[in-house]
Amino acid sequence: MKKYQSLFWSLCVMLLAGLTFTACSEDDLVTDQYGNEIKLNSFGPCPVLRGGTLKFLGSNLDQITQVNLPGADPITVIDVKAAGRVSEIWIQVPKEKCEPGIVTLITAKGGEIKTITPVTYEENVVLEKVYVGSEGNLNGKVGDIVTFKGDYLNLMHEVVFADDVRVPEADFVAHDRYTISVAIPREAKTGRPMLSDTNPDGENLLYADESINIALPTATGVAPAKMKAGETVTVTGTTLQLIEKVLLSGAEIEGDGIKASADGNTLIFALPATATDGEVTLVTFSGIKIPAGSIETVVPTELVAAPAPVKNGAEVTVSGKDLDLVTAIAFPNAGGELKSVAAAKVVAVVPEAAQEGDITLSLANGKQVTVAYTLVKPVVTECTPNALVAGNKVIIKGSDLDLVASVTLPGDPAQTVTEFAAHNEKAIALTVPTACAGSGLVLNLKNGTSVEASGLTIQAATEPAISEAPQKMIIGENATLKGKNFYNVEAIYLGSVKVVKILSKTNDEITFQVPEMATGEVEITFVTPDGARIVSGKTVVDVPEIDFATFAKDEQQTGLVSWPFNFSWSDSSGKMRIFKTDLKAMNLQAGKSKIIVYKTAGITGQIQINNANWGGIYTIADWDGSVERIEWVVDDAFMDAVNNIADGWSDTALILQGDLAGVKKMTILP
């Protein structure tokens with residue numbers, strides 16, 4: 001029997017200094033309050049109901065394994081509400097045999113914590129029985145009436161179901177000294193209910209002796225088993241009005257999205273576009289999940305792509321069923337954009353980069369379907385002339401030639417032509433490179449594929465021709481040209497400057513030293529023994545980079561710098577001094593000449609360029625460490641420092657300092 005005498009109760013606060021500790025070893029209790037100390041700060045309510053709940057607050061109380069109340073058997077069923085430095089545990093006070101007195105808490109290692117203040121008990125509130133509907137029945141469903149019988153129940157003002165589902169006094173069906181009756185709320189779960197006096201200074205909770213079993217909704221089926229996004233799904237079962245939400249693979253429906261019939265035997269909702277194949281799970285207002293069955297979602301079928309073949313850049317139409325589910329389209333080697341979407345067809349433009357294969361249609365739920373399609377390919381019908389000597393012009397005629405990006409002609413190696421004299425859907429006009437010889441041709445399409453064609457025969461030219469040349473040549477360095485008929489080369493010109501030092505020559509390779517000349521883009525011209533001049537290619541001629549290590553000295557002028565070099569603001573060995581005589585000999589030009597820094601990737605910092613009087617000119621910097629090469633084009637201030645500014649005692653033109661480590665090399669490109 002449970003008894004309770006007054007509404008008021010309070011937590012019994014215990015001072016830490018007054019606690020008594022005993023332990024089996026030093027490890028059982030730790031006194032460091034910031035470590036693993038087991039500490040009891042307070043307990044209550046006090047007085048507590050017999051059969052009610054007693055709470056303990058403190059630190060690391062999750063390590064308590066037993067609570068001893070005077071006169072009662074040891075209590076080992078402990079409800080840990082919070083663990084760690086801020087912890088809370090609950091126990092249920094026995095209805096009988098417990099007496100007022102000091103409470104002892106036993107730790108996992110056998111240590112004891114004793115309260116200073118004694119626990120006391122309320123005596124008058126009595127909870128004799130609980131039932132659903134009629135006496136003796138503990139089974140019910142949402143809406144059924146639960147009745148609590150006892151004495152002084154008028155002092156209790158709230159019914160608490162499992163998992164803290166509360167029914168306030170205002171919602172009681174009946175309430176007097178001997179009876180409390182409430183309807184089971186839709187959030188309630190199976191478990192032992194409690195009564196609460198709702199005291200704000202310390203709530204007294206009085207457990208019922210037995211659990212009440214609350215029936216859950218049932219689900220007997222889902223229809224249809226295969227469905228399309230937007231269609232109505234029907235779940236059959238019982239008390240389905242207690243369902244709060246529906247979980248699907250890829251979607252969740254709740255609130256106004258689900259509707260239960262008045263009798264609770266059916267539940268309907270519209271299938272979301274993102275839902276895919278899988279289980280249908282019902283979730284009650286009490287949080288219980290109930291499996292209802294599985295569904296399979298519809299995908300487009302009976303797909304056909306037209307026209308077949310279709311041309312890159314033209315519209316393609318995919319016909320079939322349920323195509324209004326499609327949200328995206330993709331082609332082999334290319335994405336795509338939907339132009340229109342309907343149940344019976346979708347339309348899109350075939351991208352220029354699309355290749356032949358399968359079109360992929362994607363749905364909002366992640367499913368995909370494919371349909372095969374073919375592409376229009378260019379056709380060569382005639383080459384005019386159909387036989388010619390390399391170096392001459394040819395017109396390739398046919399259909400859909402606007403799909404062609406380049407033409408590869410036979411040779412050793414094969415030569416690819418990307419610049420056409422004329423180009424449209426019906427014809428391509430081009431000049432056959434002089435390095436070509438053989439029969440046939442290959443059309444390289446804009447989508448990355450190729451089409452082989454016949455009808456062209458190329459006779460090898462006797463004129464010298466380049467098949468491979470350096471994109472850049474450096475004055476004074478060696479350059480090699482590859483090609484054919486080089487035995488017919490009498491002389492080589494880069495622009496208007498003749499190459500005077502040919503190092504080696506075979507019929508297909510020439511190596512020479514690049515002469516002194518003006519820099520920039522120039523034509524490579526061959527002169528044959530009969531005096532014919534043949535322009536066979538282009539290149540860029542540049543001057544060589546001049547290494548700082550050949551002219552720059554350390555700041556104290558004790559010797560030339562070496563690599564790697566670590567620039568510094570304060571250490572003289574991390575500074576460079578550069579002289580006017582050296583720089584003037586390089587014929588530098590503002591806006592053209594460059595300073596190039598080669599550094600280690602990942603290292604950040606700066607190099608400050610100063611004139612002879614330490615006036616700042618420019619700062620070369622890499623603040624994110626992302627580069628290994630930094631270029632700076634010299635300006636008028638730089639040239640003024642070289643030509644005009646002097647320190648009055650030396651030939652110094654520039655002083656470099658900074659905080660950039662790991663410089664591998666610095667050069668000047670005149």
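1. Asn478 lies in strand S49, which covers residues 478–484. Strands are DSSP runs of E, at least two residues long, and helices are runs of H or I with at least four; both are numbered from the N terminus. Asn478 is exposed, at 51% relative accessibility. Here exposed means over 50% relative accessible area, buried means under 20%, and partly exposed is in between (1.4 Å probe, protein chains only).

2. This is a predicted model: local features need pLDDT of at least 70, side-chain atom pairs count only at pLDDT 80 or more, and totals for chains, interfaces and linings use all residues. Residues are numbered from 1 along each chain as its sequence is written, and side-chain values use heavy atoms, with hydrogens and water left out.

3. What does Asn478 touch, apart from its neighbours within four places in sequence? Its contacts are Leu503, Thr511, Phe512 and Gln513. A contact means heavy atoms within 4.5 Å. Asp582 sits 104 residues from Asn478 along the chain, and their C-alpha atoms are separated by 26 Å.

4. Thr281 belongs to strand S29, residues 278–284. Thr281 is buried, with a relative accessible area of 18%. Not counting residues up to four places away in sequence, Thr281 touches Lys245, Val246, Leu247, Lys289 and Ile290.

5. Now the whole chain. It has 2 helices and 64 strands. The radius of gyration is 46 Å, well over the 26 Å that the globule rule gives for 670 residues, so the chain is more spread out than a compact globule. That radius is taken over C-alpha atoms, and the rule is 2.2 Å times the number of residues to the power 0.38. The C-alpha trace spans about 130 × 85 × 40 Å along its principal axes.

6. Of the 670 residues, 45% count as buried. Among contacts with a separation of 6 or more, 61% come from residues 24 or more positions apart.

7. How many disulfides does a search of the whole structure find? The count is 0. A disulfide is a pair of cysteine sulfur atoms within 2.5 Å. For Cys98, the closest cysteine sulfur is in Cys46, 12 Å away and too far for a bond. For Cys383, the closest is in Cys436, at 13 Å, again too far for a bond. Cys98 is buried at 4% relative accessibility. Cys383 is buried at 6%.
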